[in-house]
Amino acid sequence: MDEIKRMVIEYVKREYIEEGDDREVKEDTPLITGGIVDSFSMVSLKRFLEKKCAIQIPDAEASPEAFNTVNSIALLVERFRTGAR
Amino acid sequence: MDTVGGPLLPDQVSWSRAEQDLGYRKGDLINIGWHCSDRICRLGHAAKPALIWEDAQGDGRVYSFDDLRVLTNTFARHLQGLGLAPGDRICLFMDRVPELYIGFLGVLKMGGIVQPLFSAFGDESLLTRLENAGTAAIVTQRKHLHKVRKIRDRLPQLKLAVVVDADGLELRDGERAFALDREPRVEEFEVHPTTAESPSVLHYTSGTTGQPKGAQHVHYSLVSQYLTAKVVLDLRPDDVYWCNADPGWVTGTSYGIIGPWSNGTTQAVLDSGFNSERWYAFIAKHRITVWYSAPTAIRLLMRDGTGAAQKFDLASLRHLASVGEPLNPEAVLWSKEAFGRPFHDTFWQTETGCIVITNLPGMPIKPGSMGKPFPGITATVVDLKSYEPIPRPGSVGLIALRPGWPSMMREYWKNPGAYQSKFQNGWYLCGDRASIDEDGYYWFVGRDDDVINTGGHLVGPFEIESALLEHPAVAESAAVAKPDKVNMEVVKAFVVLKPGFAPSDDLDLEIMNFIRKRLSPLAMPQEIAFVESLPKTRSGKIVRRVLRAQEFGEPVGDLSTLMDD
């Protein structure tokens with residue numbers, strides 16, 4: 001789980017935090033409601049998770065709530081990794 | 001006459017009545033900024049809250065109409081002090097912070113042409129729009145400044161970048177700090193003497209061909225925006241109104257600034273991404289009475305179910321309306337269940353400046369229909385070839401409006417050919433197809449061109465394809481709409497790779513992020529298909545309709561002009 005969180009934080013910082021934006025990204029930083037990742041950009045984050053974690057996340061599960069924090073993303077990934085629904 | 005908030009009977013709804021309400025007679029000076037602030041104070045509402053603002057963390061601030069009057073004066077004076085002049089295009093490139101709303105009116109008060117742009121635009125999208133407009137200054141935040149810096153040397157007309165939160169930031173040549181809160185307040189300001197046809201707002205909008213075009217509006221548009229806000233949104237003196245739209249788009253200015261404030265209505269703004277519980281909490285906290293939202297947001301709320309709504313006291317909601325794309329019947333029915341009342345679909349576009357076809361409060365709604373023409377708007381559907389009105393109910397044609405309503409755009413910025421092409425046979429063509437039923441209700445069928453409507457925003461394929469071609473791996477590309485349950489349509493890109501490149505998940509993701517950062521999240525292809533070739537005419541033009549038809553499961557039509565493989 002920690003590995004997933006680290007990976008997600010790194011990816012978000014690299015792809016979504018722009019130069020000059022000094023916001024921190026922590027495990028509980030609100031990504032969607034905080035305006036770091038918008039609902040359209042979620043698709044590329046979902047694609048990244050599916051590829052890196054070798055999982056398939058159904059569209060219905062890829063909600064703004066599920067993607068709002070690194071913690072919630074890690075839980076989602078873990079669910080689909082272990083096959084739990 | 002204190003007409004702010006006074007209800008109108010149906011036969012009183014007219015542009016001339018709106019002029020009377022606003023105290024405007026033909027030939028008078030008229031300034032949107034003044035009408036949205038000073039005039040409301042003069043009517044005795046100086047202490048009334050104008051803006052209830054809250055950020056994602058729940059921190060908030062309330063501005064009265066007198067605050068609005070003084071702060072917009074301050075903003076306007078500051079811009080003058082920087083050497084900006086009437087007629088200058090001044091871009092506002094900020095998140096939904098108070099400076100965006102205040103700055104909008106401030107630019108108008110000093111006679112500038114305000115050019116609001118969606119803050120999620122990447123540097124290429126910003127460059128296209130600033131270059132086309134010959135923008136003189138951009139007002140932005142530190143987090144977006146790097147995009148401006150990246151393109152600055154390609155914008156010789158851009159004199160200044162003004163940063164509203166620059167504390168501790170090392171500014172470069174041509175950059176200025178402007179902390180509105182610390183600026184000495186300007187109580188009295190001589191508003192620039194704008195007239196009805198003085199240019200006011202320049203909104204960029206995407207079309208099928210070419211880069212986005214600047215729809216130029218004038219101060220007289222206020223007449224339309226005031227009246228339609230009052231009647232369609234049913235704004236009343238004690239309302240607290242919430243418009244979800246960002247002022248980077250026309251809904252966020254016509255009905256997120258001009259409409260409500262010219263009516264003296266208190267409005268609430270939430271600077272936060274989507275979260276259903278956050279939104280419901282916001283409605284409950286501020287006792288929102290009128291809510292203007294969008295089908296994409298409503299579908300996301302539907303996904304979270306009525307249970308999520310029932311956790312909050314939403315009894316304050318009195319009237320709901322929707323804009324951006326057709327509101328599907330399920331959403332209308334769901335909102336009755338969730339909120340006790342339906343969302344009323346409204347139809348209009350950047351070029352029209354105001355709502356033109358709509359479901360009015362109290363009018364029976366036919367779920368799925370955009371309603372009927374607003375009083376003062378003459379509308380019809382015309383034949384796709386002859387542009388003659390089609391009299392038979394149920395026949396599909398192009399939605400057409402008789403030109404001349406107050407907020408009709410006056411030009412596409414420096415593009416008279418494109419502007420003229422919007423008018424045929426004495427009608428303004430919206431670019432959408434619809435039918436009219438026997439009761440006069442309009443039913444949307446689809447776009448008449450290749451523009452993609454994603455989440456209620458129009459995205460032009462040409463801009464996306466041009467950006468795709470800048471990726472080192474891409475040889476050719478086509479961008480079309482793909483149906484989507486939440487957003488109605490999303491962008492799908494068909495890509496032919498250059499020799500030496502092979503399709504892969506890594507490349508797919510790389511291209512998606514490339515477009516997202518250069519253009520915007522809206523323009524980002526949500527799906528990429530790597531193909532060997534694209535359907536083209538014998539003259540080499542890519543035929544997007546074939547790809548689109550395949551995505552929508554529709555007949556591909558006449559293929560006789562296509563190149564053989």
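**Figure 1. The contact between chain A and chain B in a predicted model.** In this predicted model, the contact draws 23 residues from chain A and 24 residues from chain B, where two residues are in contact if their C-beta atoms, placed from the backbone, lie within 7 Å. On the side of chain B that touches chain A, the elements giving two or more residues are helix H7 (142–151), helix H11 (295–310) and helix H15 (505–518). H15(B) gives the most to this side, with 5 residues. Helices (H or I, at least four residues) and strands (E, at least two) are DSSP runs, numbered from the N terminus. By class, the side of chain B that touches chain A has 7 charged, 7 polar and 10 nonpolar residues; Ala, Val, Leu, Ile, Met, Phe, Trp, Tyr, Cys and Pro count as nonpolar, Asp, Glu, Lys and Arg as charged, and the others, Gly among them, as polar. Residues are numbered from 1 along each chain as its sequence is written, and chains are lettered from A and ligands numbered from 1 in the order in which they are written. As the model is predicted, local features need pLDDT of at least 70 and side-chain atom pairs count only at pLDDT 80 or more, whereas totals for chains, interfaces and linings use all residues.

**Figure 2. The packing of helix H3 against helix H4 in chain B.** Helix H3 (residues 38–45) and helix H4 (residues 65–81) of chain B pack with their axes 9 Å apart, at an angle of about 150 degrees. Axes are lines fitted to C-alpha atoms, for helices over the stretch in contact, and angles run from 0 to 180 degrees between N-to-C directions. H3(B) contributes Asp38(B), Ile40(B), Cys41(B) and His45(B) to the contact, and H4(B) contributes Phe65(B), Asp66(B) and Arg69(B). These residues divide into 3 charged, 3 nonpolar and 1 polar.

**Figure 3. Nonpolar cores.** A nonpolar core is a set of buried Ala, Val, Leu, Ile, Met, Phe, Trp, Tyr and Cys residues joined through C-beta atoms within 7 Å. The largest nonpolar core has 133 residues, of which Ile90(B), Phe104(B), Ile138(B), Val139(B) and Val356(B) touch the most other members. Beyond its neighbours within four places in sequence, Ile138(B) is in contact with Cys91(B), Phe93(B), Leu130(B), Val148(B), Leu158(B) and Ala161(B). Another core, of 45 residues, lies apart from the largest one and includes Ile32(A), Val70(A), Ala74(A) and Val480(B).

Figure 4. Ala54(A) lies in the loop between helix H2 (42–53) and helix H3 (70–82) of chain A, and is exposed, with 9 other C-beta atoms within 10 Å. A residue is buried if 20 or more other C-beta atoms lie within 10 Å of its own, exposed if 12 or fewer, and partly exposed in between, the C-beta atoms being placed from the backbone. Tyr387(B) is found in the loop between strand E17 (379–382) and strand E18 (396–401) of chain B and counts as partly exposed, with 16 C-beta neighbours inside 10 Å.

Figure 5. Apart from its neighbours within four places in sequence, Tyr419(B) is in contact with Glu411(B) and Tyr412(B).
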